[in-house]
Each structure stands twice: as C-alpha cells, then as structure tokens.
Amino acid sequence: MVLTTRSESRLMPVYGNKTRVIPLKDIKRVVISSGGMGFFARHPNAIHFITQPSARTLDDMLRDQRFHSADYIDEGVQQFCPVSQADLTEKLAVAAQIKAYIEQRMDVPAAP
C-alpha cells in the first residue's frame, strides 16, 4: 500500500504539479501541523510523512529562507490548503485518522 500526495497550483502557481508515492513501510513518523488560517500563518497546515534519511522538520523547512514551499512534497509534506476553518478542521480529522492508521501498522510485529 502506498500514499500518494499531490500539490496542484491554483490561482498563484506557488506549487508545482507533482506526485510523490511513499510506501507505508518507508514512513518512520507522521507529524501533523495545525497552524493558523490565512496567507500569513506562521506554520503550514500540513501532514508530514517522514521517511529515511530525511531528518528535516516542518519548522526546519519554514525557517530555511532558501527552502521553497514548492519543495514540500519532495520532503513528504502535503499541505491542506483549507478554504475555511471548517475545512481545516475536517482535513485535520482525516490527517489524524491517517496518522493513527500508520502508527498502528508500525506497532504490529512482523509475521514469522
């Protein structure tokens, strides 16, 4: 089973059209960012699928002025891009279910 993330440009072409397939077995950790709404939110609204050898966090990416948001998907980050607070709440709930599922799978011992 794999996760596919896709970032599609809208009115402003900030994000390139990219697809990244991440096998579940490669995911080491899942982090959910629930930053505020609006264009000037300090932290991205996103789910970050951390794989090896990546050691960057969302905060690392946000603080690095050379890091472009179009590269989030290359780092395993899928931004939510909510259109309202209700949309953000719904997307965070789905992200929490994804995280719980992945963490549950990580705790299951391998078959002999």
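Glu 75 lies in the loop between helix H1 (58-63) and strand S5 (77-79). Helices (H or I, at least four residues) and strands (E, at least two) are DSSP runs, numbered from the N terminus. The model is predicted: local features need pLDDT of at least 70, side-chain atom pairs count only at pLDDT 80 or more, and totals for chains, interfaces and linings use all residues. Residues are numbered from 1 along each chain as its sequence is written, and side-chain values use heavy atoms, with hydrogens and water left out.

Glu 75 is buried but has no salt bridge. Buried means under 20% relative accessible area, exposed over 50%, and partly exposed in between (1.4 Å probe, protein chains only). A salt bridge is a side-chain nitrogen of Lys or Arg within 4 Å of a carboxyl oxygen of Asp or Glu. The nearest side chain of opposite charge to Glu 75 is Arg 56, 4.4 Å away; Lys and Arg count as positive, Asp and Glu as negative, while His and the chain ends are not counted. Leaving out residues up to four places away in sequence, Glu 75 touches Arg 20, His 48, Phe 49, Ser 54, Arg 56, Met 61 and Phe 67. Contact means heavy atoms within 4.5 Å.

The chain as a whole has two helices and five strands, in the order β-β-β-β-α-β-α along the sequence. Of its 112 residues, 32% count as buried. Among contacts with a separation of 6 or more, 52% come from residues 24 or more positions apart.

The largest nonpolar core has 11 residues, including Ile 22, Phe 49, Phe 80 and Leu 92. Such a core is a set of buried Ala, Val, Leu, Ile, Met, Phe, Trp, Tyr and Cys residues joined through side-chain atoms within 4.5 Å. Strand S3 (27-34), strand S4 (45-51) and helix H2 (85-107) each give two or more residues to this core, and H2 gives the most, with four residues. A second, separate core of six residues includes Ala 46, Met 61, Phe 67 and Tyr 72.

| Residue | Relative accessibility | Class |
|---|---|---|
| Ala 96 | 38% | partly exposed |
| Asp 87 | 17% | buried |

Ala 96 is in helix H2. Ala 96 and Ile 32 are 64 residues apart in sequence, and their C-alpha atoms are 7.5 Å apart in space. Asp 87 also has its place in helix H2. Apart from neighbours within four places in sequence, Asp 87 is in contact with Cys 81 and Pro 82.
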